[in-house]
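Subject: Structure for your review

Dear colleague,

Please find below the structure that I am handing over to you, with its sequence. My notes on what was found in it follow directly after.

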Amino acid sequence: MSNEELLEQISNGDESALAKLCMMNTGLVKDRAWFIARQYHCLRQTKYGSLSDYAKETLSELESVGKLALVECARTGSYDAGKGQFTTYVIPFLDGAMRRHLECSMGTLSLDRDSMGLVRKAQRLYHQEGKELSEICIFLGISFRVAARAVAYPTHFFSVYDLQDPDDDGDVYERLTTNRLSGSAEDAVIRALTMKCLREEFMRLSKRDQEILGRYFGVYGFPKSDLREIAMRNRMKEPGVEKAKEQALKHLQNRFQGSFARKLQRAKHLVLDAVAERSSSMQ
């Protein structure tokens, strides 16, 4: 019996069909768990070449998360057989659920921001650029022991802060706009007002704009989702999601232009320009 036939039985209230569907797709869930674990550098091995206990536990957790995502997709009844196979439809949901699990459950929150930044830099040099530990020590100016600990730290390579450069601030405003604020006391006040106003304007966007922006950037209570999952949820093609995201950003930026925080920013710039002009005229 095919996935599609089982889904039809599930829609008619047959709970046994749901168990059969999960059993049939066990291999798919396992494959996606391995794919996500490998992508996030979780498949650590022992010195004998077998998977470490950490890797085995991570795979087990990802498989459990994937099974729950599979059940959720089957129960919602949103699958349309006319648009392709169920296995193609469900993969973005499995991957998205597993990625969110890693974001929420792994060690990124157990370190302070500076330490986490060091870990991410070291792992980037090691995994992406293929540098040796001795080279990482010289490049980052740290001891061999610190470099080895950073590279081996049990965290995925991509985190919620990877939308920015490791040296950037990790707030929502800087992820959604291009302007950067300095660290003065005045700027700290403006930043706080900006964050408040930006959230208020975000909540005034249409539900569709909130859904796409929220999931694309992983902000304001929305779990960060990949492009395929957003497209599936909104019944769109991936290029359509990109276009909708840009339009939603324009809507948010247009709304923000009239906010109190934006007026305060403009007033500050006018004062600074006036001071600079006066200083130049006096020289």
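Apart from its neighbours within four places in sequence, Val90 makes contact with Leu28, Leu70 and Cys73. Please note that these contacts, like everything else in this message, come from a predicted model.

Val90 belongs to the largest nonpolar core, a set of 32 residues in which Val90 and Phe86 touch the most other members. Two or more residues of this core are supplied by each of helix 1 (3–11), helix 2 (15–24), helix 3 (26–39), helix 4 (53–76) and helix 5 (86–105). Helix 5 gives the largest share, nine residues. There is also a second, separate core of twelve residues, and Cys197, Phe202, Tyr220 and Leu252 are among them.

As to the overall architecture, the protein contains 14 helices and zero strands. Of its 283 residues, 39% count as buried. Among contacts between residues at least 6 apart in sequence, 61% join residues at least 24 apart. The accessible surface amounts to about 16,300 Å², and carbon and sulfur atoms account for 54% of that area.

Aromatic pairs

Three aromatic pairs were found in a search of the whole structure. In one of them, the ring centres of Phe86 and Tyr89 lie 6.2 Å apart with their planes at 35°, and the pair is therefore tilted. The cut-offs explain this term: planes under 30 degrees apart would count as stacked and those over 60 as edge-to-face, with the rest called tilted. Phe86 and Tyr89 are three residues apart in helix 5, which places them about one helical turn from each other. An α-helix has 3.6 residues a turn, so residues three or four places apart point the same way. Both Phe86 and Tyr89 are buried. Ring pairs also bring in Phe93, so that Phe86, Tyr89 and Phe93 are linked into a cluster.

Tyr216 and Phe217 form an edge-to-face pair, at 5.1 Å centre to centre and with 70° between the planes. The two residues fall on either side of the 20% limit for burial: Tyr216, at 22% relative accessibility, counts as partly exposed, whereas Phe217, at 9%, counts as buried.

Helix 11

Phe217 is one of the buried residues of helix 11, together with Asp209, Gln210, Glu211, Ile212, Leu213, Gly214 and Arg215. Because eight of the eleven residues of this helix (residues 207–217) are buried, helix 11 is largely enclosed by the rest of the structure. After the helix comes Gly218, which has a positive phi, near 70°.

Charged residues

How many salt bridges does a search of the whole structure find? It finds eight. I describe several of them here.

The side chains of Glu63 and Lys30 form a salt bridge with an N to O distance of 3.2 Å. This pair links distant parts of the chain, with Glu63 in helix 4 and Lys30 in helix 3, 33 residues apart. Glu63 is buried, at a relative accessible area of 15%, while Lys30 is partly exposed, at 37%.

Asp95 and Arg32 form another salt bridge, in which the closest N and O atoms are 2.7 Å apart. Since Asp95 is in helix 5 and Arg32 in helix 3, the pair ties together parts that are 63 residues apart in sequence. Asp95 counts as buried, at 4% relative accessibility, and Arg32 is buried as well, with a relative accessible area of 16%. Arg32 also lies over the face of Phe35, at 4.5 Å from the ring centre.

A further salt bridge joins Lys245 to Glu242, with the closest N and O atoms 3.8 Å apart. These two residues are three apart in helix 13 (residues 238–257) and are therefore separated by about one helical turn. Lys245 is buried, with a relative accessible area of 7%, whereas Glu242 counts as partly exposed at 30% relative accessibility.

With kind regards

How values were computed: Residues are numbered from 1 along each chain as its sequence is written. This is a predicted model: local features need pLDDT of at least 70, side-chain atom pairs count only at pLDDT 80 or more; totals for chains, interfaces and linings use all residues. Side-chain values use heavy atoms; hydrogens and water are left out. Helices (H or I, at least four residues) and strands (E, at least two) are DSSP runs, numbered from the N terminus. Buried means under 20% relative accessible area, exposed over 50%, partly exposed in between (1.4 Å probe, protein chains only). Contact means heavy atoms within 4.5 Å. Accessible areas come from the Shrake-Rupley method with a 1.4 Å probe; for residues, only the protein chains shown count as cover. A nonpolar core is a set of buried Ala, Val, Leu, Ile, Met, Phe, Trp, Tyr and Cys residues joined through side-chain atoms within 4.5 Å. Rings of Phe, Tyr and Trp (its six-membered ring) pair if their centres lie within 6.5 Å; planes under 30 degrees apart count as stacked, over 60 as edge-to-face and the rest as tilted. A charge sits over a ring if NZ of Lys or CZ of Arg is within 6 Å of the ring centre and within 35 degrees of the ring normal. A salt bridge is a side-chain nitrogen of Lys or Arg within 4 Å of a carboxyl oxygen of Asp or Glu.
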